[in-house]
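Subject: Structure for your review

Dear colleague,

I am passing on the structure below, and I would be grateful if you could read the notes that follow it alongside the model.

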Amino acid sequence: MPATSSPHTPQPAGTAPPGEVVLEARDLVKTFTTGRGGLSRTRVSSVDGISLSLRAGESLGIVGESGCGKSTLARMLVGLEVPDLGSISYRGHDVTAARRGDRRLLRRGVQMVFQDPYTSLDPRMTVLEIVGEPLTASRTGTRAWRRERVAELLSLVGLAPDLMERYPHQFSGGQRQRIGIARALALEPEVLVCDEPVSALDVSVQAQVVNVLRDLQRRLGVTLLFIAHDLSVVRHVADRVAVMYLGRIAEIGPTATVYEAPAHPYTQALLSASPVVDRARRGRMAARIVLDGDPPSPTSPPPGCRFHTRCRMARDDCRTDVPSLRRPSEAQERARLAACHHAEDALTRLEDVFGPA
Ligand code: SF4
């Protein structure tokens, strides 16, 4: 039970024991149509067949380039977008196209921290109104109790409670993001979906906000889905990491395994260009993998493996056959999966990229 629990706070279905699946996505597909109509209408594939599960108390990082579908995935998981195909379940309840009761359950159990703290907070509302709004909307507690609860939430995210009568413009970007986190925690959700929560902030305050989230996870046992394009931020936060490319998961597994020995050529390329690779190994690094060009347009993704147009290891089968997620080698533990026909080869060539371990 979260440490901030109160008799007035709604409890959706108790709190799942650590390790139990709380949120599960199966075969999610989401396509958007752009343009006004007629010939100018274009279908954009944003998410194409993603399955994943979140276990109580863990943090799962999602990384990938802009436009890979990370944010669409996040919005489907919190019920802000409805998938075209596939299903989402929260604590065993199918909430895919949530009916009223299921929607309430999802809203209380799964909350979102938005990317931009400058636009996600209503400038006409005080912090008291912003953070207390989910409680007011759900008719939770008395007015006096809600005020107390807001003070408690502000303390939790490291803000002084006596700032609650102020307006968003009176705070820095990092403080505004803390306000957004406090608001997301108001209903004591089990899961926080954080959509690039630090990418709009100065580098100097990013670490502070990341530390607030890590601290909350430890203290409240909240489950985190943390989306970012910065690999070093994700390494700092996540127990597991999923790497997305053009609407699909390229690789998923324990963070230490994926960062130390990435099995998918795309993950290898991302890490070879990242400062998160251990300095000692980096000194022996043979060559940074340079990806040619931008990712292909999601309006006409390539057949077969979507990464084949930029992959240094692409072969004929990559251009026709879609790789499914599988264990990259018998020697690897079960928890890591990569969607690559030639992941075994990619692993054996790892030293070309990172140098010997
Ligand atoms: Fe590269 Fe082929 Fe693996 Fe795709 S399936 S990542 S193109 S080797």
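In what follows, a residue is taken to be near a molecule if one of its heavy atoms lies within 4 Å of it. By that criterion, the ligand is surrounded by His264, Pro265, Cys305, Phe307, His308, Cys311, Met313, Ala314, Cys318, Cys340, His341 and His342.

Please keep in mind that this is a predicted model, in which local features need pLDDT of at least 70 and side-chain atom pairs count only at pLDDT 80 or more, while totals for chains, interfaces and linings use all residues. Residues are numbered from 1 along each chain as its sequence is written, and side-chain values use heavy atoms, with hydrogens and water left out.

The ligand site

The shell around the ligand divides into 8 nonpolar residues, 4 polar ones and no charged ones, where Ala, Val, Leu, Ile, Met, Phe, Trp, Tyr, Cys and Pro count as nonpolar, Asp, Glu, Lys and Arg as charged, and the others, Gly among them, as polar. The ligand sits in the largest cavity, and a molecule is said to do so if more than half of its atoms lie within 2 Å of the grid points of that cavity. A cavity here is a set of points, on a 1 Å grid over the protein atoms alone, where a 1.4 Å probe fits but cannot get out.

The nonpolar core

The largest nonpolar core has 62 residues, of which Ile181, Leu192 and Phe226 touch the most other members. Such a core is a set of buried Ala, Val, Leu, Ile, Met, Phe, Trp, Tyr and Cys residues joined through side-chain atoms within 4.5 Å, with buried meaning under 20% relative accessible area, exposed over 50% and partly exposed in between (1.4 Å probe, protein chains only). Helix α6 (residues 203-220) supplies the largest share of this core, 7 residues; helices (H or I, at least four residues) and strands (E, at least two) are DSSP runs, numbered from the N terminus. At least three residues of the core come from each of domain 1 (21-237) and domain 2 (255-354), the bounds being those of an automatic or database domain assignment. Ala207 is also found in helix α6, but it counts as partly exposed because its relative accessibility is 45%.

Helix α1

Helix α1 (residues 70-77) is largely enclosed by the rest of the structure, because 6 of its 8 residues are buried. These are Lys70, Thr72, Leu73, Ala74, Met76 and Leu77. Arg75, which lies in the helix as well, is partly exposed, with a relative accessible area of 31%, and its C-alpha atom is separated by 8.4 Å from that of Met112, 37 residues apart along the chain. Just after α1, Gly79 takes a positive phi of about 85 degrees.

Loop residues

Glu188 is found in the loop between α5 (173-185) and β7 (191-195), and it counts as buried at 5% relative accessibility. Glu196 lies in the loop between β7 and α6 and is buried too, with a relative accessible area of 8%.

Ala263, in the loop between α8 (255-260) and α9 (265-272), is buried with a relative accessible area of 0%. By contrast, Ala97, in the loop between β5 (93-94) and α2 (100-109), counts as exposed at 54% relative accessibility.

With kind regards

How values were computed. 1 Å grid on protein atoms, 1.4 Å probe; cavity = no way out; pocket = protein on both sides within 12 Å on 5 of 7 lines; lining within 4 Å.
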